[in-house]
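Me: Please take one close look at how the side chains pair and pack in this model. Give the cut-offs with each term, and keep it plain.

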Amino acid sequence: PVRRSEHGGLSGGELDLRSTLRNFVHRYTRYCAAHPEHARMTIAESIRGGERLEWMVQEFVIKHHLVVVPWLEDMMRAGVIHQMPVHSMLYSLVGMVQVPPMLTKEADLAGQKAMMTEDSVARHAESVLQFLQPETLSA
């Protein structure tokens, strides 16, 4: 079973939550930039539906939600991130991080070359943090 501690210090003071959020967003953004096929596959399976999607949800999605949803709720209660329905926050966070790497080829064709360099990935992670809580998480 997945434990909350597997994502790092998901409990503790507000400073720990902010630091953990920053680290999480940067790690997740780097992962998504390195593996855009993950988002493409998830979207394709979600559109198609069926047994493969059901397997993905049972094996991965639910287990991650058991960890991340309480963590997001903790951060909302502590005022670290905006208050909103937790699943709206979860899927907004996922979308903000996963979509740009997934659309890299489109961005290249539109003239936005080098969208997924190490520097641009770090800047994107910081942009995501600004959306989550501009007054407390921006660098």
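Reply: The chain exposes about 8400 Å², of which carbon and sulfur atoms supply 59%; such areas come from the Shrake-Rupley method with a 1.4 Å probe, and for residues only the protein chains shown count as cover. This is a predicted model: local features need pLDDT of at least 70, and side-chain atom pairs count only at pLDDT 80 or more, while totals for chains, interfaces and linings use all residues. Residues are numbered from 1 along each chain as its sequence is written, and side-chain values use heavy atoms, with hydrogens and water left out.

Of the 139 residues in the chain, 34% are buried. Buried means under 20% relative accessible area, exposed means over 50%, and partly exposed lies in between (1.4 Å probe, protein chains only). The chain has seven helices and zero strands; helices (H or I, at least four residues) and strands (E, at least two) are DSSP runs, numbered from the N terminus. Among contacts between residues at least 6 apart in sequence, 66% join residues at least 24 apart, where contact means heavy atoms within 4.5 Å.

The aromatic pairs come next. A search of the whole structure finds three of them. Rings of Phe, Tyr and Trp (its six-membered ring) pair if their centres lie within 6.5 Å; planes under 30 degrees apart count as stacked, over 60 as edge-to-face and the rest as tilted. The ring centres of F24 and W71 are 5.0 Å apart and the planes meet at 70°, so this pair is edge-to-face. F24 sits in helix α1 (residues 14–34) and W71 in helix α3 (residues 51–77), so the pair ties together parts that are 47 residues apart in sequence. F24 counts as buried at 10% relative accessibility, and W71 counts as buried at 0%. Another edge-to-face pair is formed by W55 and F60, at 5.4 Å centre to centre with 80° between the planes. F60 is partly exposed, with a relative accessible area of 42%. Ring pairs also link F24, Y28 and W71 into a cluster.

In soluble globular proteins, nonpolar side chains tend to be buried together.

Helix α4 has 17 residues and reaches 24 Å from its first C-alpha to its last, close to the expected 24 Å; the expected span of a helix is 1.5 Å times one less than its number of residues. The buried residues of α4 are V86, M89, L90, L93, V97, Q98, P100, P101 and M102. Two of these names return at A39, which lies in helix α2 (residues 36–48): leaving aside its neighbours within four places in sequence, A39 is in contact with Q98 and M102. A39 and Q98 are 59 residues apart along the chain, and their C-alpha atoms are separated by 6.1 Å. A39 itself is buried, with a relative accessible area of 5%.

Last, the charged pairs. Side chains of opposite charge can pair when their charged atoms come close. A search of the whole structure finds five salt bridges, each being a side-chain nitrogen of Lys or Arg within 4 Å of a carboxyl oxygen of Asp or Glu. R48 forms one with E45, the closest N and O atoms being 2.9 Å apart. The two are three residues apart in helix α2, so about one helical turn separates R48 and E45. R48 is exposed at 58% relative accessible area, whereas E45 is buried at 2%.

In helix α3, R77 and D74 meet in a salt bridge of 2.5 Å, N to O, and are three residues apart, about one helical turn. R77 is exposed at 62%, and D74 counts as buried at 18%. Salt bridges that share partners join E45, R48 and R52 into one network. E59 and K63, also in helix α3, are four residues apart, about one turn, and their salt bridge has its closest N and O atoms 3.8 Å apart. E59 counts as partly exposed at 35% relative accessibility, and K63 counts as partly exposed at 36%.
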